[in-house]
Amino acid sequence: MWEFRNTVTNRWFQCRDEAIYWPDGRLVRIEIATDITERKQMESELDAARREAEFLAGIDPLTSLNNRRAFSDLGNQLLKETIRFKQPASLIMFDLDHFKQINDQFGHESGDEVLLHIARLTRETVRQADIVARIGGEEFAILLPQTDLEQAGQLAERLRQTLMNNTVNIKGQGITTTASFGVISCDPECDELRLDQMLADADAELYKAKNAGRNRSVCR
């Protein structure tokens, strides 16, 4: 049994060959072809829907950045390559300062507009190879392949200034949003890297930035 598509009519067929004894005793071959075009179309539509669902499962629905799940999957794969080729990698976490005040003053829809604004500025600032995610609320993470601590710190500072120097119009009022950054880097000679530990370490540095007055980056 096999399937084939008629390239002239674009119809799909399932063919089945059988060997049977004819009434006169001869062994004969019978081929039966069944049109399965509608079934193949349905399978194709289901496959497309499945792939779209898998894609959307890894995307933050508001910002279209990676969500935490996708960040974990992509990040762990990147860290495997980092260990294999003994390259540096760095992680930036940043959290918007006083974001609750924006939600309280202007409403959650306006807060969403701010998050979209931040996501766009972040995408425009990082490299194509960097993995960017919204990992929860107003918290974002960036995993940087082949990047040492000094380079990561420079990127964090550039992004911090970009956020500070760009306003978003909310209900006729220009809103400037600042963020606090935690930056860490891994040793390229290490034998084991865990993304969850890197996130925890970057988060600790982020809170040092918060405690030091916000709108700054702290590197370790």
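Angles under 35 degrees count as roughly parallel, over 145 as roughly antiparallel, 65 to 115 as roughly perpendicular, and the rest as oblique. The model is predicted: local features need pLDDT of at least 70, side-chain atom pairs count only at pLDDT 80 or more, and totals for chains, interfaces and linings use all residues. Residues are numbered from 1 along each chain as its sequence is written, and side-chain values use heavy atoms, with hydrogens and water left out. Helices (H or I, at least four residues) and strands (E, at least two) are DSSP runs, numbered from the N terminus.

**Helix 3 against helix 4**

- The axes of helix 3 (residues 99–106) and helix 4 (residues 108–125) come within 7 Å and cross at roughly 135 degrees.
- Axes are lines fitted to C-alpha atoms, for helices over the stretch in contact, and angles run from 0 to 180 degrees between N-to-C directions.
- The two helices, helix 3 and helix 4, are therefore oblique to each other.
- Helix 3 brings Phe99, Ile102, Asn103 and Phe106 to the contact, while helix 4 brings His108, Ser110, Gly111, Val114 and Leu115. Contact means heavy atoms within 4.5 Å.
- By class, this contact of helix 3 with helix 4 has 5 nonpolar, 4 polar and no charged residues. Ala, Val, Leu, Ile, Met, Phe, Trp, Tyr, Cys and Pro count as nonpolar; Asp, Glu, Lys and Arg count as charged; the others, Gly among them, count as polar.

- An open sheet is formed by 5 strands in the order 5-6-4-9-10, with mixed pairing. Two strands pair if DSSP finds at least two bridges between them.
- Strand 5 (131–136) and strand 10 (217–219) stand at the edges with a single partner strand each, so one side of each has no neighbour in the sheet.
- On average, neighbouring strands of this sheet are turned by 20 degrees against each other, direction ignored.
- Strand 5 and strand 6 (residues 139–145) run antiparallel and are joined by 5 bridges.
- Glycine 136 has glutamate 139 of strand 6 as its bridge partner.

**Helices on the sheet**

- Helix 4 lies across strand 4 (89–96), strand 5 and strand 6, at about 155 degrees to strand 4.
- Helix 6 (residues 195–211) also packs on the sheet. Helix 6 touches strand 4, strand 5, strand 6, strand 9 (179–186) and strand 10, and its direction makes about 140 degrees with that of strand 9.

**Salt bridges**

- The count comes to 21 salt bridges. A salt bridge is a side-chain nitrogen of Lys or Arg within 4 Å of a carboxyl oxygen of Asp or Glu.
- Arginine 39 and glutamate 3 meet in a salt bridge at 2.5 Å, N to O. Arginine 39 lies in helix 1 (residues 37–57) and glutamate 3 in strand 1 (residues 2–5), so the pair ties together parts 36 residues apart in sequence.
- Lysine 40 also forms a salt bridge with glutamate 3, with the closest N and O atoms 3.0 Å apart.
- Glu3, Arg39, Lys40 and Glu43 are linked in a network of salt bridges.
- Lysine 40 is buried, with a relative accessible area of 19%, while glutamate 3 is partly exposed at 34%. Buried means under 20% relative accessible area, exposed over 50%, and partly exposed in between (1.4 Å probe, protein chains only).
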